Amino acid sequence: DYEQFEILKPYLPIPLSKEEVRTYGKAGTTCARCGNFNVNKVRSYIVCDCGYRESREEAIVRTACEYGALTYGQNFTVNDIKHFIANQASFQYLKKILSQHFLTVPNEKVLTFLNYNRDFPYINEKFEFQLPAMIVL
């Protein structure tokens with residue numbers, strides 16, 4: 001009955017620093033279905049050539065979660081996400097979306113959000129979105 005105390009993955013991932021993400025990471029929003037960086041903004045949606053259509057809100061939250069997984073253990077700011085998505089959304093829009101879906105960290109000089117340290121597929125039930133993602137053929 002020692003199985004309940006077994007640690008399946010005893011070694012945590014080595015997080016990247018914010019500088020490493022800015023230097024080595026490819027910036028931009030990707031398609032949630034195929035990973036393509038060549039997506040188009042159409043009103044409230046991100047549309048990919050593969051036929052997948054995702055709300056801009058969900059794409060931003062998903063991308064913020066990806067950033068959080070890369071920088072495990074470090075909280076993030078609006079500017080961190082703005083740079084990570086290659087300035088594809090305004091500061092005010094990002095601030096609005098991040099404030100709706102992430103907890104803020106008190107006592108910080110800059111508006112800082114709590115990093116959930118998980119990739120989007122593992123915590124997507126935590127979020128509620130106005131528009132659904134869909135496949136358009």
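The exercises below work through a predicted protein model, from the fold of the chain to single residues.

Residues are numbered from 1 along each chain as its sequence is written, and side-chain values use heavy atoms, with hydrogens and water left out. Because the model is predicted, local features need pLDDT of at least 70 and side-chain atom pairs count only at pLDDT 80 or more, while totals for chains, interfaces and linings use all residues.

**Exercise 1. State how many helices and strands the protein chain has, and in what order they run.**

Step 1. Helices are DSSP runs of H or I with at least four residues, and strands are runs of E with at least two, both numbered from the N terminus.
Step 2. By this rule the protein chain has five helices and six strands.
Step 3. Read from the N terminus, the order of elements is α-β-β-β-α-β-α-α-β-α-β.

**Exercise 2. Describe the chain as a whole through its extent, burial and contacts.**

Step 1. Along the principal axes, the C-alpha atoms of the protein chain fill a box of roughly 50 × 40 × 30 Å.
Step 2. Of its 137 residues, 35% count as buried, where buried means under 20% relative accessible area, exposed over 50% and partly exposed in between, with a 1.4 Å probe and protein chains only.
Step 3. Taking contact as heavy atoms within 4.5 Å, residues 24 or more positions apart account for 57% of the contacts that have a separation of 6 or more.

**Exercise 3. Place Ile-46 in the fold and list what it touches.**

Step 1. Ile-46 is found in strand 2, which covers residues 45-47.
Step 2. Ile-46 counts as buried because its relative accessible area is 9%.
Step 3. When residues up to four places away in sequence are not counted, Ile-46 touches Val-39, Asn-40, Lys-41, Tyr-52, Arg-53, Glu-54, Arg-56 and Ala-59.
Step 4. Ala-59 is 13 residues from Ile-46 in sequence, and the two C-alpha atoms are 7.4 Å apart in space.

**Exercise 4. Find which residues line the largest cavity and which element gives the most to that lining.**

Step 1. A cavity is a set of points, on a 1 Å grid over the protein atoms alone, where a 1.4 Å probe fits but cannot get out, and lining residues have an atom within 4 Å of a point.
Step 2. The count comes to two cavities of 30 Å³ or more, and about 60 Å³ of space lies in the largest cavity, a volume being the space filled by probe spheres set on the points, which are joined across faces, edges and corners.
Step 3. The lining of the largest cavity consists of Thr-29, Lys-41, Ile-46, Arg-56, Ala-59, Ile-60, Ile-85, Gln-88 and Ala-89.
Step 4. Helix 2, residues 56-70, gives the most to this lining, with three residues.

**Exercise 5. Decide whether Arg-62 is buried or exposed, and name its contacts.**

Step 1. Arg-62 lies in helix 2.
Step 2. Arg-62 counts as buried, because its relative accessibility is 5%.
Step 3. Leaving aside neighbours within four places in sequence, Arg-62 is in contact with Thr-29, Thr-30, Cys-31, Ala-32, Glu-54 and Phe-120.

**Exercise 6. Locate Asn-87 and Asn-117, and give the phi value and exposure of each.**

Step 1. Asn-87 is found in the loop between helix 3 (78-84) and helix 4 (91-101), and its phi is near 55°, a positive value in a residue other than glycine.
Step 2. Asn-87 counts as exposed, at 51% relative accessibility.
Step 3. Asn-117 has its place in the loop between strand 5 (112-113) and helix 5 (120-123), with a positive phi near 60°.
Step 4. Asn-117 counts as partly exposed, at 24% relative accessibility.

Conventions. On a 1 Å grid over the protein atoms alone, a cavity is a set of points where a 1.4 Å probe fits but cannot get out, and a pocket is an open set with protein on both sides within 12 Å along at least five of seven lines; lining residues have an atom within 4 Å of a point.
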